[in-house]
Structures are given as C-alpha cells and as structure tokens.
Amino acid sequence: MRVAAGVVSDADSDVVAAAVAGSRAAFATLYRRHAARVHGAVLRLCGYDPVQAEDVTQEAFMAAWRSLPSFRGDSAFATWLYRIAVNQALAALRTKAIVVADGCLDEEVPSEPAACPAERGELERAVAALPPRARSVLVLHDVEGWTHDDIGRSLGITAGACKAHLHRARALLRARLE
Amino acid sequence: MIDDSTSSYLGLQNALRQLARDEPPPWALWPRIARSLPPRRSPWLLGSALAPALAAAVLVTCGLGLLLPIALAQAATAPGAATLREAMLQLDGAQVRVAAAQRLQPQATYLTELRVHYSLQRAELERRLQGS
C-alpha cells in the first residue's frame, strides 16, 4: 500500500481527537483533507461510475464517523480512512463480483501479451469495462500498490487466487486495449 | 507460478500507476454527508473528570424529582406561609440544578420534562402563597 502505515500519531491527531469528541467541524476538516484521495480510490474501484463512487464515498465517511470512537491511532488516520473506503467499495462491488467472478475465470485469456501504450482516457475506460472482481484486484495491486496478501484478506481469497485474478485481469485489459 | 512481469507489460503497468491520482468529489457531497451524520454522545464528557459531577447532578436531580412532590404536599397542607416559602426555596435550588444538568446533557428529554414539572409546581406554590 502506498499509504504510510504503522504511524502512531500524525498531522491529523488533534483534529481526529476533536472529531472523536463529536465535533462536526473537525470532521469537516478531515473530509476536506482526505476526500480527494478517498474518492479517487473509490472512483477507480467503482469503474469510474461517478454516481456509485459518490454513494460509496458518502458511506465511507459515515462509517468513519460512526467508528471514530474506536480509532486507536495504531495507523495514520489517512490509512484507516482509506481502508474503510476501500472496504465499502469492495462491499458495493461484491454482488456484481459474485455474479461475474466465475465468468471472468472462464473468459478466454489472450496467450500473447501485447504492448499497450494507452492514453489515460482509453485506459480508464478499459479498466472500467473489466468485471468487478478483476477490476478490484487490478486496481488494488497495479494502481493502489497493495500486496497480494492485503488484497486476499480484503476479498476473502488466498494470495494465490489473487495472483490468478490479477493475471487474468491484466490479460483482459490488454485484450481490451488492442 | 504466474509471471506477469514481462517487459511487454511494463509500459501498461507504468500507465496504470499514473491512474493513482486524487479525484475531488463533487462540491455537493459534503452537505449530503453532513446531513446524514448521526449525533454522537460526547465520550470526552463521559470519560473525563466531569463524569462524576454529571452523575451527581443527575442523581441529585432525580432525587429531588422524587422527594419534592412529598415536601410540596406537606407544605401545601401546612398552615403557615413560612413553610410555603421554604418549599419555594428548595424548588428554586432544584430548578438551578436541573438547568445545570441540562446544559451538560442538552438532549436528555427527562431533564426537559423535569423542568416543566418544576415550573408547574412553582406556579402552584405561588398560587397558594398568594392565597395564604
């Protein structure tokens, strides 16, 4: 993960303490600081669907508000919030993923990888077109920088299964970009 | 063992990493979130040194809520105005304590009901004092 982990206190600690005490103004400050990062990750996981991404971002901040009293500062607030948002996004995608995951595994994978110098817009559309489970794994690993172990824990699959999903997701992505 | 780290994929991997950018949500999202945040009891209040004071205030208030009607009933049957005035002083003290407790727990409905109850009792005492 690219977010710094294992930080006991960070720049947010005073604001977090005020938010834990029930200050909505403090929570608004935390929102201003972190909404763009959270929303960015959620938007990618939701396949660039702006409506779903807004709903998930809202749910993530509501969940964070509810859970703030249990935030112990074992990690940086940004890391904690980001994990909540990713879990909310994965939960939102789960229904779709269950339906599509098996199909994804059966989908024919191109044997020869192709070079894909893609434009950003083209790449975003190709990522968005991936099945939800494949997109989740690809975004978390290749964009967000998560390890297979972290992804596996979040998705409830083994690291090996995660690698298999990633392999197929990359192949599907290359095929869509050809 | 699956190996995707082929040179043909490196360009795409670099392009994918470029997607990891912040995306500010629409301006209207925060008002939506703010409206949907449930109120939270203040843990600082319950976990701090104020907690015993709050508990004492609530206990005193509840105790007065139980005892005052008896005192007032006795006062109402007593013949002298001095007894009524003493009951009025006790009631004034109780109202001050309830108001203080309500400032600490503004959403406690039973405190609101207690204030209303005391107001009615005070009005009754005043009526009897005027008639005595």
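Predicted model: local features only at pLDDT ≥ 70, side-chain atom pairs only at ≥ 80, totals over all residues.
**Chain A, order of elements**

I read chain A along its sequence and got the pattern α-α-α-α-α-α-α-α. I took helices (H or I, at least four residues) and strands (E, at least two) as DSSP runs, numbered from the N terminus.

Residues are numbered from 1 along each chain as its sequence is written, while chains are lettered from A and ligands numbered from 1 in the order in which they are written.

Next I looked up burial. A residue is buried if 20 or more other C-beta atoms lie within 10 Å of its own, exposed if 12 or fewer, and partly exposed in between, with C-beta atoms placed from the backbone. In chain A, 43% of the 178 residues count as buried.

Then contacts, meaning two residues whose C-beta atoms, placed from the backbone, lie within 7 Å. Taking the contacts in chain A with a separation of 6 or more, I found that 73% join residues 24 or more positions apart.

**H2 against H3 in chain A**

Two packed helices are described by the angle between their axes and the distance between the axes. I started with helix H2 (residues 24–45) and helix H3 (residues 50–67) of chain A, which pack at an angle of about 135 degrees with their axes 10 Å apart. The axes are lines fitted to C-alpha atoms, for helices over the stretch in contact, and angles run from 0 to 180 degrees between N-to-C directions. The angle makes H2(A) oblique to H3(A). For the wording: under 35 degrees counts as roughly parallel, over 145 as roughly antiparallel, 65 to 115 as roughly perpendicular and the rest as oblique.

Which residues make the contact? On H2(A) I listed Phe27(A), Tyr31(A), Val38(A), His39(A), Val42(A) and Leu43(A). On H3(A) they are Ala53(A), Val56(A), Thr57(A), Ala60(A), Phe61(A) and Trp65(A). By class, the contact of H2(A) with H3(A) has 10 nonpolar, 2 polar and no charged residues. The classes are Ala, Val, Leu, Ile, Met, Phe, Trp, Tyr, Cys and Pro as nonpolar, Asp, Glu, Lys and Arg as charged, and the others, Gly among them, as polar.

I also checked Tyr48(A), which sits in the loop between H2 and H3 of chain A. Its phi is near 60 degrees, a positive value in a residue other than glycine. Tyr48(A) is partly exposed because 18 other C-beta atoms lie within 10 Å.

**H5 against H8 in chain A**

The axes of helix H5 (residues 120–128) of chain A and H8(A) come within 9 Å and cross at roughly 130 degrees. H5(A) and H8(A) are therefore oblique to each other. Glu122(A), Ala126(A) and Val127(A) of H5(A) meet Leu173(A), Arg176(A) and Leu177(A) of H8(A). I sorted the residues of this contact between H5(A) and H8(A) into 4 nonpolar, no polar and 2 charged.

Leaving out residues up to four places away in sequence, Ile157(A) touches Gly152(A) and Cys162(A).

**Confidence**

I used pLDDT, the predictor's confidence in each residue, from 0 to 100. Chain A has a mean pLDDT of 84, and 81% of its residues reach 70 or more. Within chain A, confidence is lowest in helix H4 (residues 77–106), at a mean of 74, and highest in H2(A), at 96. Over residues 98–117 of chain A the pLDDT is below 50, and this stretch has 30 contacts in the model beyond near neighbours in sequence.

**Chain B**

I counted 6 helices and 0 strands in chain B. Of its 132 residues, 15% are buried. The mean pLDDT of chain B is 71, and 61% of its residues reach 70 or more. Among its elements, helix H3 (residues 43–47) has the lowest mean pLDDT (48) and helix H2 (residues 29–36) the highest (90). Last entry: the model scores ipTM 0.77 and pTM 0.61.
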